[in-house]
Amino acid sequence: IRDERLINRFDYDGDYGTVLNRFLMQGAMGVPLTVYGTGGQTRAFIHVTDTARCIEIAINNPPNAGERVEIFNQIAETRRVRDVAEMVAKQTGVEANFLPNPRQEAAENDLDVSNKKFCNLGLDPITLDEELFSEVTEVVNKYKHRCDPTKILPASFWNKKRAEECATLDPTSVKVEV
């Protein structure tokens, strides 16, 4: 990083942080991973470099005049939350805790998307592997002193029922390994 002021945002909180960022931050801090519900929710992942590459590919391959607009999926891959937790737990040595889900969503779902159109136009996506985890973990370890452990658990709930089911979650109970 040439200029620290240009570093990308890294949201890890239980409400707005991505599951990958949250898990990697928790792992670096020695905090058990917070998997909501069964962890059977499928999420799409894409590296920021691939996002920029997808934009470039789309700009360089516009539809011809009069052609219908094509929809391209900006993803590298999809994974279930519990599988991402297992990958991070294996790398960091922390356990996964399955907690009530603050979101109103199916316990198990499939995300049926494809990046074939982008790949056919030259995208070679960066996928979730130990190398990518290592890259993000370096950033996490460098800035984990800025982390507020009380923000790891969710504070927002999708409805009253979700709030009631999550009432036992205590944000002050998150302890960081020193």
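Lys-117 lies over the face of Phe-72, at 5.6 Å from the ring centre, where a charge counts as placed over a ring if NZ of Lys or CZ of Arg is within 6 Å of the ring centre and within 35 degrees of the ring normal. A further arrangement of this kind involves Arg-22, whose charged end sits over the ring of Tyr-36, 4.5 Å from its centre. The model is a predicted one, in which local features need pLDDT of at least 70 and side-chain atom pairs count only at pLDDT 80 or more, whereas totals for chains, interfaces and linings use all residues. Residues are numbered from 1 along each chain as its sequence is written, and side-chain values use heavy atoms, with hydrogens and water left out.

The ring centres of Phe-72 and Phe-118 are 4.9 Å apart and the planes stand at 50°, so the pair is tilted. Pairing applies to rings of Phe, Tyr and Trp (its six-membered ring) with centres within 6.5 Å; planes under 30 degrees apart are stacked, those over 60 are edge-to-face and the rest are tilted. The two residues come from distant parts of the chain, 46 residues apart: Phe-72 belongs to the loop between helix 2 (48-60) and strand 3 (77-80), and Phe-118 to helix 4 (residues 116-120). Phe-72 is partly exposed at 24% relative accessibility, while Phe-118 is buried at 2%. These classes rest on relative accessible area (buried under 20%, exposed over 50%, partly exposed in between; 1.4 Å probe, protein chains only).

Turning to the overall fold, the protein chain has six helices and four strands, arranged along the sequence as α-β-β-α-β-α-β-α-α-α. Helices (H or I, at least four residues) and strands (E, at least two) are DSSP runs, numbered from the N terminus. Of the 178 residues of the chain, 35% count as buried. The chain exposes about 11,100 Å², of which carbon and sulfur atoms supply 51%; accessible areas come from the Shrake-Rupley method with a 1.4 Å probe, and for residues only the protein chains shown count as cover. Among contacts with a separation of 6 or more, 83% are accounted for by residues 24 or more positions apart, a contact being heavy atoms within 4.5 Å.

Helix 1 (residues 19-29) is mostly covered, with eleven of its eleven residues buried.

Apart from neighbours within four places in sequence, Val-84 is in contact with Leu-20, Phe-23, Phe-45, Arg-79 and Leu-128.

Seven salt bridges are counted, each requiring a side-chain nitrogen of Lys or Arg within 4 Å of a carboxyl oxygen of Asp or Glu. One of them joins the side chains of Glu-105 and Arg-43 (3.1 Å, N to O). Glu-105 lies in the loop between strand 4 (96-99) and helix 4, and Arg-43 in strand 2 (residues 42-45), so the pair ties together parts that are 62 residues apart in sequence. Glu-105 is partly exposed at 28%, as is Arg-43 at 22%.

Within helix 2, Arg-53 and Glu-56 are three residues apart, about one turn of the helix, and form a salt bridge whose closest N and O atoms are 2.9 Å apart. Arg-82 forms a salt bridge with Glu-108, the closest N and O atoms again being 2.9 Å apart. This pair links distant parts of the chain, with Arg-82 in helix 3 and Glu-108 in the loop between strand 4 and helix 4, 26 residues apart. Arg-82 has a relative accessible area of 28% and is partly exposed; Glu-108, at 40%, is likewise partly exposed. Through salt bridges that share partners, Arg-80, Arg-82, Glu-108 and Asp-110 are joined into one network.
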